[in-house]
Amino acid sequence: MKFLDRAKIFLKAGDGGDGCLSFRHEKFLEYGGPDGGDGGRGGSIYFQGSNRLNTLIDYRYQQHFKAKRGENGKGSNCYGAKGDDLILNVPVGTEILDELGEIVLADITKEGQNVLIAQGGSGGRGNTKFKSSTNQAPRRADKGTKGEELWVWLQLKLIADVGLIGLPNAGKSTFLAATTRAKPKIADYPFTTLIPQLGVAKTHDSELVIADIPGLIEGAHSGRGLGDKFLAHIERCKVLIHLIDANQENIDSIYQQTRNEILMYRSEILHKPELIVINKADTIDDERANKISKLFIEKYAQTPFFISAINPNENINRVLEAALQHKLEQEQPPEDDEQYQTDFLLT
């Protein structure tokens, strides 16, 4: 199945049915009075989250969606039937934005979450509703109102615990394959990964959902390479694993380059816990490893992990354990400020 994480579609909610202009006609009843029923409400359009979907590809081939119109009212005070609602299933993690892609109308983050986006029109009133003491035979019935119509953007942001970031050929796909059952394409040339990949790693009887996005190059935040098209997929990750090729000449500048691209895209992402992982450590000697370790400890107050994703060992397990610990810390409920203040006053 092809992966598509952005689509523009047109929505048209159903119009309301017209009210009926009718008078009661029965034998021997000369003045039967009005009996026109109201029109039915038009169908509305909802979006619903589904874990069974992981792409927006269905919305590439069909871009116009219309809900049913409400039925017109009828005589004998019969109301028109309501138009059927239209429910559109989207992957969990989908944002619904306005036509310009600037305002988030809804964010689907849970299975079964149901969000109203286009409201159906109201049914028109039949002439029965206009009967009064001074107007016993009203000849007025309302038209149904129009249903809402609008263009919207659908944007999928994968929901994962861990996001893999780094330059092309840093070994992200190899790491994903070594820690999960995912089967990403692996090769020794840049941009082997063209679409985000998901995998599930297990550590200490817990699971970590890991997302591998295409490598980031300079200018990625503005769309260069495969840049901003996929940066959105790490926004929801709880932890970042920053993979760096141990054979890069200037590792410090490589590290800064990737972080700068994320900073220019959305600075809040850099507030997430980050693990620095030096890949292909089996290709360097101890002197170089010590130099790299000293750099990150002294300059960034971080101790890097050294691994060889192509030859999995206990060091990779340590990375997963550290990622799990950060995930659990992120999921802890916030401290109850009111209770904290009460305890403080009591002491």
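Which residue of β8 is the bridge partner of Thr94? It is Leu156, and the rest of the strand pairing is laid out below.

## Ground rules

This is a predicted model, where local features need pLDDT of at least 70 and side-chain atom pairs count only at pLDDT 80 or more, while totals for chains, interfaces and linings use all residues. Residues are numbered from 1 along each chain as its sequence is written, and side-chain values use heavy atoms, with hydrogens and water left out.

Helices (H or I, at least four residues) and strands (E, at least two) are DSSP runs numbered from the N terminus. Two strands count as paired if DSSP finds at least two bridges between them.

## Partners of β8

Strand β8 covers residues 149-156 and runs antiparallel to β1 (residues 6-12), with seven bridges joining them. Here Arg6 has Gln155 of β8 as its bridge partner.

β8 also pairs with β5 (residues 94-97), again in the antiparallel sense, over four bridges.

## The three-strand sheet

Next comes an open sheet with the order β4-β2-β7 and mixed pairing. Its edge strands are β4 (86-91) and β7 (114-118), each pairing on one side only. From one strand to the next, the twist averages 30°; axes are lines fitted to C-alpha atoms, for helices over the stretch in contact, and angles run from 0 to 180 degrees between N-to-C directions.

Six bridges link β2 (residues 45-50) to β4 in the parallel sense. Look at Ser50 and you'll find Pro91 as its bridge partner in β4.

Strand β13 (residues 274-279) runs parallel to β14, and two bridges join them; Ile278 stands opposite Phe306 in β14.

## Lys172 in α2

Lys172 lies in helix α2. Its side chain reaches the backbone oxygen of Leu167 at 3.2 Å.

Lys172 is buried (under 20% relative accessible area, 1.4 Å probe, protein chains only). Even so, Lys172 has no salt bridge, meaning a side-chain nitrogen of Lys or Arg within 4 Å of a carboxyl oxygen of Asp or Glu. The nearest side chain of opposite charge, Asp212, is 4.8 Å away.

How values were computed
Buried < 20%, exposed > 50% of the residue type's maximum accessible area, 1.4 Å probe, protein only. Lys, Arg positive; Asp, Glu negative; His and termini not counted. Polar contact = N/O pair within 3.5 Å; in protein donor to acceptor, adjacent residues only side chain to side chain.
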